[in-house]
Amino acid sequence: MCVLVYSVKLDLLTLHYTLHAGMDDDGPEEAFAALKTEHLGVWGVAQIAAGTGLAVYAMWVGILQPGFRKVPLKLQVPYIPASKAQVDNVMTLLRGRKGGLVDLGSGDGRIVLEAHRKGFTPAVGYELNPWLVRLARFHAWRAGHHEKVSYRREDLWKVDLTECKNITVFLAPSVLSLLQQKLQAELPDDALVIAGRFPFPDWKPCRIEGHGVDRAWAYNMQTQRQHIFKKNDTLKDSISELTREKGST
C-alpha cells in the first residue's frame, strides 16, 4: 500500500510540474521534498488517482491531440518542454551568431524567448499545435516580450527557410531524418543548425555541448554539404570501379 501511495503521488506531482512549471527555473525537487512529508489516507489516494487520470486526459485532449490529428504517426512529436540546461546549451552553441532565429516545432516557446533575450532578431517559432502556440504567446506576454517575438501556427514542412541563418530543433529522430533533406535543399551555406535532445542521424556536428539528455549538437551547413558531396563522390568512384571490373570479366 505504501508503494502505491508513493507511486500515485509521484505521478501527480510530476504531471503538476509538467503542466504548471511554465518558464520558471525551479525543478521538481521541491515537489519531491513535499512528497516525503505529506501523509495521505485511502480516500486521498483515490482522489489523487482520479485527479491524475482526468488531468492526463485533459492534457491529451486539450494540448497534445490537436497537433496530432492530421500528422502521420512517424512525424508526431510529443510535447516535452526543454529544460533550462538544454536551453543554455543551445544558446552556448549560438554564441557569436547574429541575425534572426527560427525554432521549428517551438512548443511552449522558451527557445525563441531566450534567443530574443540573447539578441536574435527576429526570433520566430513555428508550431502546429494551436494550444502550444497560445501557451508560447502567454509566456512571451508574461515576460514582457510579446511584441518582440513571433509564434506562428504553421506546418514546419511548408516554412520557407531559404533566408534563415540560425535554426533550432527539438524533434524526434524519425522527423530529423526527413528534415535533413529540407534543410540541405533550402538553407544557405552560412546557416547554423542546432539540434537538442537528439542529433541528426546522418550529419556530422561541428560542435557538441552538454551531456546526456541535455546535449545539443551544432551543424554548419557549408561543412555539411562538403561532407555530403565528398561522400557522393566516393560512392560514384566505387560504382565506376565496379562497372569497370564487370566490363573486364
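These are my notebook entries on one chain, looked up in a predicted model.

**Entry 1: the whole chain**

I began with the totals. The chain has 249 residues, and buried residues make up 39% of them. I counted the secondary structure next, and it comes to eight helices and seven strands. For the surface, I noted that the chain exposes about 14600 Å², with carbon and sulfur atoms supplying 58% of that area. I also looked at how far along the sequence the contacts reach. Among contacts between residues at least 6 apart in sequence, 64% join residues at least 24 apart.

**Entry 2: helix H5**

I turned to helix H5, which covers residues 110-117. How many of its eight residues are buried? I found seven, and I wrote the helix down as mostly covered. The buried ones are Arg110, Ile111, Val112, Leu113, Glu114, Ala115 and His116.

I then asked what covers the buried residues of H5. The cover includes two helices, H4 and H6 (130-143). It also includes the strands E1 (101-104), E2 (123-127), E3 (149-153) and E4 (166-169).

**Entry 3: the stretch after H5**

I followed the chain onward from the helix. Just after H5, Gly119 takes a positive phi of about 100°. Pro122 itself lies in the loop between H5 and E2.

**Entry 4: two residues of helix H4**

H4 had come up as part of the cover of H5, and I looked at two of its residues. Gln86 lies in this helix. Its relative accessible area is 5%, so I recorded Gln86 as buried. Leaving aside neighbours within four places in sequence, Gln86 is in contact with Pro81, Phe170, Arg197, Val213 and Asp214.

Asn89 is also found in H4, which spans residues 84-93. Is Asn89 buried or exposed? With a relative accessible area of 11%, Asn89 is buried, because the cut-off for buried is under 20%. Asn89 touches Glu209, Gly210, Asp214, Arg215 and Ala216, again not counting residues up to four places away in sequence. Asp214 is on the contact list of Gln86 and on that of Asn89.

**Entry 5: Arg197**

Arg197 was one of the contacts of Gln86, and I looked it up next. Where does Arg197 sit? Its place is in the loop between strand E5 (192-196) and strand E6 (207-209). Phi of Arg197 is near 75°, a positive value in a residue other than glycine. At 18% relative accessibility, Arg197 counts as buried, because the limit is 20%.

**Entry 6: Glu186**

Glu186 is found in helix H7, residues 173-186. I recorded Glu186 as partly exposed, with a relative accessible area of 22%. Which residues does Glu186 touch, leaving out those up to four places away in sequence? They are Val159, Asp160, Leu161, Thr162 and Arg225.

I checked two distances here. The C-alpha atoms of Glu186 and Asp160 are separated by 7.6 Å, although the two residues are 26 residues apart along the chain. The backbone nitrogen of Leu161 lies 3.0 Å from a polar atom of the side chain of Glu186.

**Entry 7: aromatic rings**

I counted aromatic pairs and got four. In one of them, the rings of Phe200 and Trp203 have their centres 4.5 Å apart and their planes at 25°, so I noted the pair as stacked. The cut-off for stacked is under 30 degrees. Phe200 and Trp203 are both buried. Together with Tyr219 they form one aromatic cluster.

I also looked for a charge over a ring. Arg134 lies over the face of Trp131, at 5.1 Å from the ring centre.

**Entry 8: cysteines**

How many disulfides does the whole structure have? My search found zero. Cys164 counts as buried, at 12% relative accessibility. Cys206 is partly exposed, with a relative accessible area of 45%.

Technical notes: Residues are numbered from 1 along each chain as its sequence is written. This is a predicted model: local features need pLDDT of at least 70, side-chain atom pairs count only at pLDDT 80 or more; totals for chains, interfaces and linings use all residues. Side-chain values use heavy atoms; hydrogens and water are left out. Helices (H or I, at least four residues) and strands (E, at least two) are DSSP runs, numbered from the N terminus. Buried means under 20% relative accessible area, exposed over 50%, partly exposed in between (1.4 Å probe, protein chains only). Contact means heavy atoms within 4.5 Å. Rings of Phe, Tyr and Trp (its six-membered ring) pair if their centres lie within 6.5 Å; planes under 30 degrees apart count as stacked, over 60 as edge-to-face and the rest as tilted. A charge sits over a ring if NZ of Lys or CZ of Arg is within 6 Å of the ring centre and within 35 degrees of the ring normal. A polar contact is a pair of N or O atoms within 3.5 Å; within protein, one must be able to donate a hydrogen and the other to accept it, and residues adjacent in sequence count only if both atoms are side-chain atoms. A disulfide is a pair of cysteine sulfur atoms within 2.5 Å. Accessible areas come from the Shrake-Rupley method with a 1.4 Å probe; for residues, only the protein chains shown count as cover.
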